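Dear colleague,

Please find the structure below, together with its sequence. My notes on it follow directly after.

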Amino acid sequence: ETISPSLRTGFSLNKAYKDFNFLFSTEAELNFEGRKYAAQYWQGDISADMHYGWEVVYLKRVSARIGFDVGNFSAGGGLSFKKFAVDLAFLNHKELDNSYRVSLKVKL
C-alpha cells in the first residue's frame with residue numbers, strides 16, 4: 001500500500017464592522033496520486049481541488065455563508081446560544097444529488 005503526499009494551503013481574511021464580522025476563506029488541495037477525472041484540475045499525476053466561501057456573522061450569534069466546494073455550490077447558516085450552537089449546511093452535487101448536514105455543538 002502506498003500513501004501519496006498531499007498539500008493543503010489556504011488563506012482567510014476577516015473584517016469586523018460594527019456588530020458584523022465578515023470572513024472570506026479559500027483553500028487549495030494538491031494531490032500527487034494521479035486522480036485525473038476525480039479532481040477539479042489535473043496535469044499528469046498532480047491534481048487540485050478548490051474550496052472557497054464567504055461568511056457573515058451578526059453579534060457572534062447568527063451566521064450565514066455561501067461558497068463552493070470542489071466546484072459545487074454550498075450554503076449554510078447557524079445560531080449560537082450560551083452553551084449551544086446549531087448549524088445547517090447544504091451542498092449541491094450534480095451527480096450525487098444534494099446533501100444536508102445539521103450539527104449541534106454543546107459547550108461544557
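Two strands are taken to pair if DSSP finds at least two bridges between them. Strands themselves are DSSP runs (E, at least two residues), numbered from the N terminus. The model is predicted, so local features need pLDDT of at least 70 and side-chain atom pairs count only at pLDDT 80 or more, whereas totals for chains, interfaces and linings use all residues. Residues are numbered from 1 along each chain as its sequence is written, and side-chain values use heavy atoms, with hydrogens and water left out.

Strand pairing

β4 and β5 form a hairpin with three residues between them, and Leu-59 in this turn has a positive phi of about 55°. The two strands run antiparallel and are joined by eight bridges. β5 continues to β6 in the antiparallel sense, again through eight bridges. Two residues separate the strands of that hairpin, where Val-70 takes a positive phi near 55°.

Ser-63 belongs to strand β5, which covers residues 62–69, and Val-57 stands opposite Ser-63. Ser-63 counts as buried because its relative accessibility is 13%, buried meaning under 20% relative accessible area, exposed over 50% and partly exposed in between (1.4 Å probe, protein chains only). The side chains of Ser-63 and Arg-65 are joined by a polar contact of 3.2 Å. Such a contact is a pair of N or O atoms within 3.5 Å; within protein, one must be able to donate a hydrogen and the other to accept it, and residues adjacent in sequence count only if both atoms are side-chain atoms. Residues up to four places away in sequence aside, Ser-63 touches Glu-55, Val-56, Val-57, Gly-76, Gly-77 and Gly-78, contact meaning heavy atoms within 4.5 Å.

Asn-72 lies in strand β6 and faces Asp-69 across the pairing. Asn-72 counts as buried because its relative accessibility is 11%. Leaving aside neighbours within four places in sequence, Asn-72 is in contact with Gly-67, Leu-91, Asn-92, His-93 and Lys-94.

Lys-18

Lys-18 sits in the loop between β1 (6–17) and β2. With 73% relative accessibility, Lys-18 counts as exposed. Lys-18 and Leu-59 are 41 residues apart in sequence, with a C-alpha to C-alpha separation of 9.0 Å.

The largest pocket

The largest pocket has a volume of about 450 Å³. A pocket is an open set of points on a 1 Å grid over the protein atoms alone, where a 1.4 Å probe fits, with protein on both sides within 12 Å along at least five of seven lines; lining residues have an atom within 4 Å of a point. Its 24 lining residues include Tyr-52, Arg-65, Gly-67, Asp-69 and Ser-74, which lie nearest the centre. β2 (20–31), β4 (46–58), β5, β6 (72–80), β7 (84–91) and β8 (99–106) each supply at least two lining residues. By class, the lining has 10 nonpolar, eight polar and six charged residues.

With kind regards

Key:
Helices (H or I, at least four residues) and strands (E, at least two) are DSSP runs, numbered from the N terminus. Grid points are joined across faces, edges and corners, and a volume is the space filled by probe spheres set on the points. Ala, Val, Leu, Ile, Met, Phe, Trp, Tyr, Cys and Pro count as nonpolar, Asp, Glu, Lys and Arg as charged, and the others, Gly among them, as polar.
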